[in-house]
Amino acid sequence: MLSILRKARLKDRELRILMLGLDNAGKTTIVKRIMKEDINTVSPTLGFIIKTIDFMGYKLNIWDVGGQRTLRSYWRNYFEKTDCLIWVVDATDRFRLQDCAEELAGLLQQERLLGASLLVFANKSDVAGGMGVQEIREGLKLDEITTHKWTIMPCSAMTGENLQEGLEWVVKDAKERLFLFDCV
Ligand SMILES: Nc1nc2c(ncn2[C@@H]2O[C@H](COP(=O)(O)OP(=O)(O)OP(=O)(O)O)[C@@H](O)[C@H]2O)c(=O)[nH]1
Ligand SMILES: [Mg+2]
């Protein structure tokens, strides 16, 4: 039933993207950059923001949810019908990589997120001395993930690096799944 609904939405070319990560990771700045809005006026997200963009012929509904510790218990309210989870990591925040890994591991155990693919954005690549993709990949134990299709990319909300490429991956992945559904 769920897969039929999802297929219907995919056929409507509409995707639901859930953007999560620790506070200060850069989620809202990434969304603003994608929307071509002013990125100098970002403040911590206390609730959530939904933005819709047309991309490669798809309508992407991006849910940007605040990541402060006290807000993380609300994340579960946004799981339903997620096609892709974008997990944003602050590559300059080595100190909280363990915290970041634990939060992601918790999410990947959620039954309602089982159908979602995972795009990890290693954000703030414009800052020298930050963690590289390999370090984050190991820190988050991405290679141990068997339940979700995943990828990791460095990106920067400041320069715009890889933001388009990330969304392309999301859309391509959705298209592949639609193809798979059509085969069953
Ligand atoms: N240098 C640099 N700074 C960034 C980048 N992305 C975001 N920032 C900065 O990081 C800080 C936090 O950005 P936000 O977008 O508010 O982070 P968030 O993940 O939405 O945080 P919460 O809403 O609290 O969960 C801001 O000062 C941004 O300017 C980036 O790619 N490079
Ligand atoms: Mg925010």
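**A helix in the core, and what lies around it**

Mentor: Let's start with L104, which is found in helix α3. Helices here are DSSP runs of H or I with at least four residues, strands are E runs of at least two, and both are numbered from the N terminus. Before we go on, this is a predicted model, in which local features need pLDDT of at least 70, side-chain atom pairs count only at pLDDT 80 or more, and totals for chains, interfaces and linings use all residues. Residues are numbered from 1 along each chain as its sequence is written, chains are lettered from A and ligands numbered from 1 in the order they are written, and side-chain values use heavy atoms, with hydrogens and water left out.

Back to L104: with 1% relative accessibility, this residue counts as buried (under 20% relative accessible area; exposed is over 50%, partly exposed in between, with a 1.4 Å probe and protein chains only). Who are its contacts? Skipping residues up to four places away in sequence, L104 touches L85, W87, L118, L140 and L142, where contact means heavy atoms within 4.5 Å. L22 sits 82 residues away along the chain, yet the C-alpha atoms of L104 and L22 are separated by 9.6 Å.

L107 and R76 are 31 residues apart in sequence, with 8.7 Å between their C-alpha atoms.

Now for the wider setting. The largest nonpolar core has 28 residues, and L18, L20, W87, L118 and L140 touch the most other members. By nonpolar core I mean a set of buried Ala, Val, Leu, Ile, Met, Phe, Trp, Tyr and Cys residues joined through side-chain atoms within 4.5 Å. At least two residues of this core come from each of β1 (14-20), β3 (58-65), β4 (84-90), α3 (97-108) and β5 (117-123). The largest share, six residues, is from our helix α3. As a rule, nonpolar side chains in soluble globular proteins tend to be buried together.

F79 is buried, at 2% relative accessible area. Apart from residues up to four places away, F79 touches L18, L20, L107, Q110, R112 and L113. Follow that to L18 and, leaving aside neighbours within four places, you find it in contact with W63, V65, Y78, F79, T82, C84, L85, I86 and L113. There's also a second, separate core of 26 residues, with L15, C155, A157 and W169 among them.

Moving on to α2, seven of its eight residues are buried, so this helix is largely enclosed by the rest of the structure. Those buried residues are K27, T28, T29, I30, V31, K32 and I34. Just after α2, K36 has a positive phi of about 60°.

What coordinates the magnesium ion (ligand 2)? T28 and T45 do, each through OG1, at 2.0 Å. T28 belongs to α2 (residues 27-34) and T45 to the loop between α2 and β2 (48-55), so the pair ties together parts 17 residues apart in sequence. Both threonines are buried. Donors here are N, O and S atoms within 2.8 Å of the metal (3.2 Å for Na, K and Ca), and with water not among the atoms, sites may look incomplete.

Ligand 1 has 20 residues around it, and K27, T29, T45, G67 and D126 come nearest (a heavy atom within 4 Å makes a residue near). One oxygen contact of ligand 1 is at 2.7 Å from a side-chain N or O atom of K27. Another oxygen contact is at 2.8 Å from a polar backbone atom of T45, and a polar side-chain atom of S156 lies 3.4 Å from a ligand 1 oxygen. The protein covers 83% of the 650 Å² of accessible area that ligand 1 has on its own.

Notes: Polar contact = N/O pair within 3.5 Å; in protein donor to acceptor, adjacent residues only side chain to side chain. Areas by Shrake-Rupley, 256 points an atom, 1.4 Å probe, with all protein chains shown as cover.
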